[in-house]
2 protein chains.
Amino acid sequence: MDYFAPPVERLIEAFARLPGIGQKTAQRLAFYVLDLPREEAERFADAIRDAKAKTFTCKCCQNLTDSELCPICADPLRDRQTVCVVADPRDVLAFERTKEYKGLYHVLHGTLSPMNHVGPDDIRIRELVQRVADEDVQEVILATNPDTEGEATAMYLSRLLQPFGIRITRLAYGIPVGGHLEFVDEITLTRALEGRLEL
Amino acid sequence: MDYFAPPVERLIEAFARLPGIGQKTAQRLAFYVLDLPREEAERFADAIRDAKAKTFTCKCCQNLTDSELCPICADPLRDRQTVCVVADPRDVLAFERTKEYKGLYHVLHGTLSPMNHVGPDDIRIRELVQRVADEDVQEVILATNPDTEGEATAMYLSRLLQPFGIRITRLAYGIPVGGHLEFVDEITLTRALEGRLEL
């Protein structure tokens with residue numbers, strides 16, 4: 001015998017399919033779950049099922065939500081003229097944590113990536129254009145990641161939205177607050193120089 | 001809003017409860033599961049449920065199995081007089097990989113650990129004593145880990161089994177095959193010296 005009982009093997013395989021989880025970690029997680037009380041393991045299985053079954057994308061901003069409209073889009077106090085475009089639902093949370101941004105969001109659920117066969121139709125670009133066309137959007141902040149794919153997506157979107165004559169902005173580049181200059185890479189430092197501000 | 005939709009939050013929490021999985025990794029895993037096709041997520045949930053519901057401990061060796069008797073205990077070709085005592089089902093696999101051990105096993109499902117309130121009644125010690133008493137066991141190999149708790153458990157078991165007058169052995173200590181002497185710790189090297197063999 002060089003394998004565990006079939007139900008155990010299937011659980012290990014299920015964990016091993018997750019990103020960043022190798023065979024050894026998958027075994028450790030599977031045995032942890034096997035050691036859980038029955039109800040807790042059930043709750044874990046239900047959490048997976050429920051997350052899949054009860055999560056929808058907000059019909060306005062495409063963020064994940066359990067209602068038709070997400071809490072942010074439904075909030076009457078938010079500035080509806082500003083839309084911050086992000087790649088991922090987690091990025092929305094990063095902005096919300098600043099407690100400074102009061103506009104709405106648009107979640108693309110990915111970035112353009114020809115290498116991975118992700119084209120404009122594979123992410124929520126059509127929905128963004130529709131929003132800009134239908135609603136009173138004054139500014140679109142392109143807040144995709146500052147990497148090659150994020151840049152390319154921002155460039156693509158900026159060209160696509162140009163005809164609407166609205167303000168299109170991109171997040172500022174520069175040195176991170178609390179960082180050490182000696183650890184800042186050359187490109188970031190160059191951008192920080194270019195974007196230097198009058199005191 | 002500083003949280004995800006409730007079903008998403010519950011899934012993140014479920015992952016974050018796993019050992020060695022922090023909040024960030026839990027988020028990454030949860031979003032990976034959310035991106036899976038419906039059937040695959042269902043299969044994952046089923047794997048958890050099934051592993052819990054369809055896995056039992058072998059009535060003989062206490063290893064995890066999906067039948068009353070595990071494949072090893074049910075194998076008529078194994079040497080039934082030798083029992084290798086291990087702490088964890090994963091250790092059984094380690095021995096099976098050697099393809100050298102032909103005896104049976106006994107899985108304790110833990111080691112004695114007063115610090116963590118694990119006493120003799122919390123692991124499968126009673127079942128081991130019962131086996132030695134009822135069956136024709138000639139040798140018990142104590143193969144718990146070579147750490148404090150594993151040693152203490154081996155010591156405890158050896159005293160407990162002494163009255164049966166059978167052979168009680170412990171795995172040999174020494175330098176690992178393929179290792180470098182300079183990286184071997186003093187205690188291991190001392191043990192390797194003590195246990196040196198005539199060539």
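Helices (H or I, at least four residues) and strands (E, at least two) are DSSP runs, numbered from the N terminus. With that in hand, welcome to the structure.

## About the model

This is a predicted model, in which local features need pLDDT of at least 70 and side-chain atom pairs count only at pLDDT 80 or more, while totals for chains, interfaces and linings use all residues. Residues are numbered from 1 along each chain as its sequence is written, chains are lettered from A and ligands numbered from 1 in the order in which they are written, and side-chain values use heavy atoms, with hydrogens and water left out.

Let us start inside. A nonpolar core is a set of buried Ala, Val, Leu, Ile, Met, Phe, Trp, Tyr and Cys residues joined through side-chain atoms within 4.5 Å. Buried means under 20% relative accessible area, exposed over 50%, and partly exposed in between (1.4 Å probe, protein chains only). The largest nonpolar core has 46 residues, and those touching the most other members are A:Phe15, A:Phe44, A:Ile48, B:Phe15, B:Phe44 and B:Ile48. At least two residues of this core come from each of H1 (6-16), H2 (23-35) and H3 (38-54) of chain A, and likewise from each of H1 (6-16), H2 (23-35) and H3 (38-54) of chain B.

Leaving aside residues up to four places away in sequence, the contacts (heavy atoms within 4.5 Å) of A:Phe15 include A:Phe44, B:Leu18 and B:Phe44.

## Helix H2 of chain B

Which residues of H2(B) are buried? They are B:Ala26, B:Gln27, B:Leu29, B:Ala30, B:Phe31, B:Val33 and B:Leu34. Their cover includes H3, strand S2 (64-65) and helix H5 (89-98) of chain A, along with H1 and H3 of chain B.

## A pair of packed helices

In chain B, helix H6 (residues 125-134) packs against helix H7 (residues 148-161) at an angle of about 35°, and their axes are 11 Å apart. Axes here are lines fitted to C-alpha atoms, for helices over the stretch in contact, and angles run from 0 to 180 degrees between N-to-C directions.

From H6(B), B:Ile125, B:Leu128, B:Val129 and B:Val132 meet B:Tyr156, B:Leu157, B:Leu160 and B:Leu161 of H7(B).

## Two loop residues with positive phi

B:Lys99 is not a glycine, yet has a positive phi of about 55°. B:Lys99 sits in the loop between helix H5 (89-98) and strand S4 (103-107) of chain B, and is exposed, with a relative accessible area of 59%.

B:His109, also not a glycine, has a positive phi of about 60°. This residue, B:His109, lies in the loop between S4 and H6 of chain B, and counts as partly exposed at 25% relative accessibility.
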